[in-house]
Amino acid sequence: MYKQLLLITLLSFSIGNVQLSFGEYDYSSNSLPVNYTSDSEIYGFQFASTLDSNVLNLEGAIGGVAESAGFQVSSSSNTGIVIGFSLSGASLPSGSHTLINLSFDVIDSSAITEICLTEPVFSGINGLSLYTDQGECTTYTPPPVELSLGEYNYLTNTIDLYASSPYDIAGFQFNASSSSLSLSGASGGAAEEAGFQVSSSSDTGVVVGFSLTGSSIPAGENILITTLSFSVNSSQEDEICVSDTIFSGLGGAGLYTTGPECALYTPPPVELSLGEYNHSNNTIDLYASSPYDIAGFQFNASSSSLSLSGASG
């Protein structure tokens, strides 16, 4: 009987369960909701938010039902610890709610980091501990500068580089490469309009753009950054790729970039065609439509009924 009473007494100390989770990161306010589901009222809480401090820094913890209930909430940017309690004995309701919103300073807008909740301590009535599951981590991925390439212009041997950016762009560097083409220059676009100094190397394919006056390319969608010019080295089909991209925002902050996908360079072909067979002299004419000067040729002419006797004219 004593053992049964002791078991019942011990179980009574586990008065409730709390499940924590994250909401969606709000990029406009750089905040992240911390949600909970609890079968008991909550009278106090403490947890630590862990992340890469080189990417994000905890700025504060506001809002949610903690603020509505008049909780005293404090947070530390050094330790990531958040503490909430009531001086008046108020509690947070059971059920599913947003506990609080964590706000952050963005230190490096070119990097990704995980945000986790660790060491949670939640208390119920009379200070009794609530079993708390800290939930899964979430990943902070900064809004990217999305790069894309236009269609290759065979008349001018150029291709346009575009960017959709939520940030003003203060500078960029990338490598343009193709085995059939050599980079001959980069000009025009928003970089030229902003007065950027743009340089390129035909040897390395590197393009660099920046401003000596502190000007920038305004944020926007499908911005024509610059037009890349090429010299044709080969008539072989190949890809044009932009890699090793480095884009910077105001103050020199690195910007997270995605893309672009490589663009296909398909050189204009030499189009061959045969005329009508001339039965009077047993000849047939071979024609070519070519955007290039032709310096030589080789081909095989075959027929099961005829044998090639020569080529002339």
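Biologist: Which strand does S13 pair with in the antiparallel sense over six bridges?
Modeller: This is a predicted model, so all that follows is read from computed coordinates. The antiparallel partner of S13, over six bridges, is S18.

Biologist: How many bridges join S18 and S21?
Modeller: These two strands run in the antiparallel sense. In S21, Leu-264 is the bridge partner of Glu-239. The number of bridges between S18 and S21 is three.

Biologist: Which residue in the turn of the S18 and S19 hairpin has a positive phi?
Modeller: S18 and S19, the latter spanning residues 254-255, pair in the antiparallel sense over two bridges. Phe-247 stands opposite Leu-255 there. Five residues lie between the two strands, and the one in the turn with a phi of about 80° is Gly-251.

Biologist: How many disulfides are there?
Modeller: Cys-116 is joined to Cys-137. Cys-241 is joined to Cys-262. Counted along the chain, the bonded cysteines follow the pattern 1-2, 3-4. The count comes to two.

Biologist: Where does Cys-137 lie?
Modeller: The sulfur atoms of Cys-116 and Cys-137 are 1.9 Å apart. The link is right-handed, with 110° about the S-S bond. It ties distant parts of the chain, 21 residues apart, with Cys-116 in strand S8 (residues 113-123). Cys-137 lies in the loop between strand S9 (129-133) and strand S10 (138-140).

Biologist: Why is the disulfide of Cys-241 and Cys-262 right-handed?
Modeller: The S to S distance of Cys-241 and Cys-262 is 1.9 Å. The disulfide is right-handed because the torsion about its S-S bond is about 115°.

Biologist: Which strand holds Cys-241?
Modeller: Cys-241 and Cys-262 are 21 residues apart and link distant parts of the chain. Cys-262 sits in the loop between strand S20 (257-258) and strand S21 (263-265). Cys-241 sits in a strand of residues 238-248, which is S18.

Biologist: What is the relative accessible area of Cys-262?
Modeller: Cys-241 counts as buried at 19% relative accessibility. Cys-262 is partly exposed, with a value of 35%.

Biologist: Which peptide bond is cis, with omega near -5°?
Modeller: Most peptide bonds are trans. Here the proline involved, Pro-260, is placed in the loop between S20 and S21. The cis bond runs from Gly-259 to Pro-260.

Biologist: What is the phi of Asn-126?
Modeller: Most residues other than glycine have a negative phi. Asn-126 lies in the loop between S8 and S9, and counts as exposed at 74% relative accessibility. Although not a glycine, Asn-126 has a positive phi of about 60°.

Biologist: Where does Asn-30 lie?
Modeller: Asn-30 also has a positive phi, about 50°, although it is not a glycine. Its place is the loop between strand S1 (17-22) and strand S2 (31-38).

Biologist: Which element gives the largest share of the largest nonpolar core?
Modeller: That core has 31 residues, and Ile-159, Phe-172 and Leu-228 are among those with the most contacts inside it. Elements giving two or more residues include strand S11 (145-149), helix H3 (189-193) and strand S17 (220-232). The largest share, four residues, comes from S17.

Biologist: How many residues are in the other core, with Val-34 and Leu-58 among them?
Modeller: This core lies apart from the largest one. Val-65 and Phe-104 also belong to it. Its size is 29 residues.

Biologist: Which strand gives the largest share of the lining of the largest pocket?
Modeller: The largest pocket has a volume of about 1,200 Å³. It is lined by 30 residues, and those closest to its centre include Ile-284, Leu-286 and Phe-299. Strand S22 (271-274) and strand S23 (286-289) each give two or more residues to the lining. The largest share, three residues, comes from S23.

Definitions and conventions
Residues are numbered from 1 along each chain as its sequence is written. This is a predicted model: local features need pLDDT of at least 70, side-chain atom pairs count only at pLDDT 80 or more; totals for chains, interfaces and linings use all residues. Side-chain values use heavy atoms; hydrogens and water are left out. A disulfide is a pair of cysteine sulfur atoms within 2.5 Å. Buried means under 20% relative accessible area, exposed over 50%, partly exposed in between (1.4 Å probe, protein chains only). A nonpolar core is a set of buried Ala, Val, Leu, Ile, Met, Phe, Trp, Tyr and Cys residues joined through side-chain atoms within 4.5 Å. Two strands pair if DSSP finds at least two bridges between them. On a 1 Å grid over the protein atoms alone, a cavity is a set of points where a 1.4 Å probe fits but cannot get out, and a pocket is an open set with protein on both sides within 12 Å along at least five of seven lines; lining residues have an atom within 4 Å of a point. Grid points are joined across faces, edges and corners, and a volume is the space filled by probe spheres set on the points.
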